[in-house]
Amino acid sequence: MKKLNSITPIPKAHQIIWWVCRGLLLVFAIYGMLNNSVTMFLMGLVCIAFSHLWDMFQMFGGKSFITRVNYFSQTLLNIFMVYSCAVYLLNVRTNIHFLDVVSHSFSGFIAAWYGYDLAVVMQGKKRHLSPALASLFGFTFSLFIAVGWELYEFTMDRVYGYMLQTSDIISETGLVDTMEDFICCAVGSLVGMFAVAFYRNGIIGGKNRKKIRAEVVARSKQDRKEELEFLGLPPD
């Protein structure tokens, strides 16, 4: 495997954020171990492993599309995991409902952002994907993850007697909790879908916004020209 090599360099600011997040997650795991909380300890270890996801893509991805996933998605994921662990720690002693709302909204935003980038890189360097289609994939990808999470919560509650959905088997509270989570995730996904599409296509962004926008417009015109030629239709 030839890709078992050096990791693609990323900006210093993102490196600092990553290592700060990893340090905080390690503290969370150690805190759980010292307080006899297996859940917190394992949660911290899993989060630390996921904080190296992008690095593993780079090292073990070979020549596949996964090596082209943008590092910014890892930054968002690391921040979200630290936030989620902090919320979990707070909810051990209290129950602040709006923090759960923020968690599911933020998770939807991140998943939609990641889904957009994943759809684009899966197409390869020579095949361009419509921003609208990539956005739709990002949105549905995020909702798919939300469905998977709620299935996990339901299974854990019914099989192991947990209270992840905050209700017993004869109460409708769990249904309300699930639908609130879905709605929050859908709102976050919608915002994330537009945010990543606008950012990746130069509508919003930093100093290179105009250059990126010009490249996107030129590429779109070329794609349209090739499409009409393939269909045997006259140019616009």
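# Close-up views of an all-helix predicted model

**View 1. His-14 sits in helix α1.** Helices here (H or I, at least four residues) and strands (E, at least two) are DSSP runs, numbered from the N terminus. Because its relative accessible area is 15%, His-14 counts as buried; the cut-offs are under 20% for buried, over 50% for exposed and partly exposed in between, with a 1.4 Å probe and protein chains only. Leaving aside residues up to four places away in sequence, His-14 touches Tyr-71, Phe-72 and Thr-75, where a contact means heavy atoms within 4.5 Å.

A word on the model before moving on. This is a predicted model, in which local features need pLDDT of at least 70 and side-chain atom pairs count only at pLDDT 80 or more, while totals for chains, interfaces and linings use all residues. Residues are numbered from 1 along each chain as its sequence is written, and side-chain values use heavy atoms, with hydrogens and water left out.

**View 2. The whole chain has eight helices and zero strands.** From the N terminus on, the elements run α-α-α-α-α-α-α-α. Its C-alpha atoms fill a box of roughly 65 × 45 × 35 Å along the principal axes. Of the 236 residues in the chain, 34% are buried. Among contacts between residues at least 6 apart in sequence, 64% join residues at least 24 apart.

**View 3. Helix α1 covers residues 12-34.** Its 23 residues should span 33 Å at 1.5 Å a residue, and the end C-alpha atoms are 33 Å apart, which agrees; the expected span is 1.5 Å times one less than the number of residues. Which helices do the buried residues of α1 pack against? They pack against α2 (38-50), α3 (53-60) and α4. Among those buried residues are Trp-18, Leu-25 and Phe-28. Just after α1, Asn-36 takes a positive phi of about 55°.

**View 4. Helix α4 runs over residues 71-91.** With 21 residues, α4 reaches 31 Å from its first C-alpha to its last, close to the 30 Å expected. At the start of α4, a side-chain oxygen of Asn-70 comes to within 2.8 Å of the backbone nitrogen of Phe-72. The buried residues of α4 include Thr-75, Leu-76, Phe-80 and Met-81.

**View 5. Asp-181 and Val-187 belong to helix α7.** Asp-181 counts as buried because its relative accessibility is 4%. Not counting residues up to four places away in sequence, Asp-181 touches Asp-100, His-104, Glu-150 and Glu-153. Val-187, at 47% relative accessibility, therefore counts as partly exposed. The C-alpha atoms of Val-187 and Gly-108 are separated by 7.4 Å, although these residues are 79 apart along the chain.

**View 6. The second largest pocket has a volume of about 500 Å³.** Of its 19 lining residues, Asp-117, Val-120, Val-121, Arg-200 and Arg-219 are the closest to its centre. On a 1 Å grid over the protein atoms alone, a pocket is an open set of points where a 1.4 Å probe fits, with protein on both sides within 12 Å along at least five of seven lines, and lining residues have an atom within 4 Å of a point. Grid points are joined across faces, edges and corners, and the volume is the space filled by probe spheres set on the points. Helices α5 (97-122) and α8 (209-231) each supply at least two residues of the lining.

How values were computed: Polar contact = N/O pair within 3.5 Å; in protein donor to acceptor, adjacent residues only side chain to side chain.
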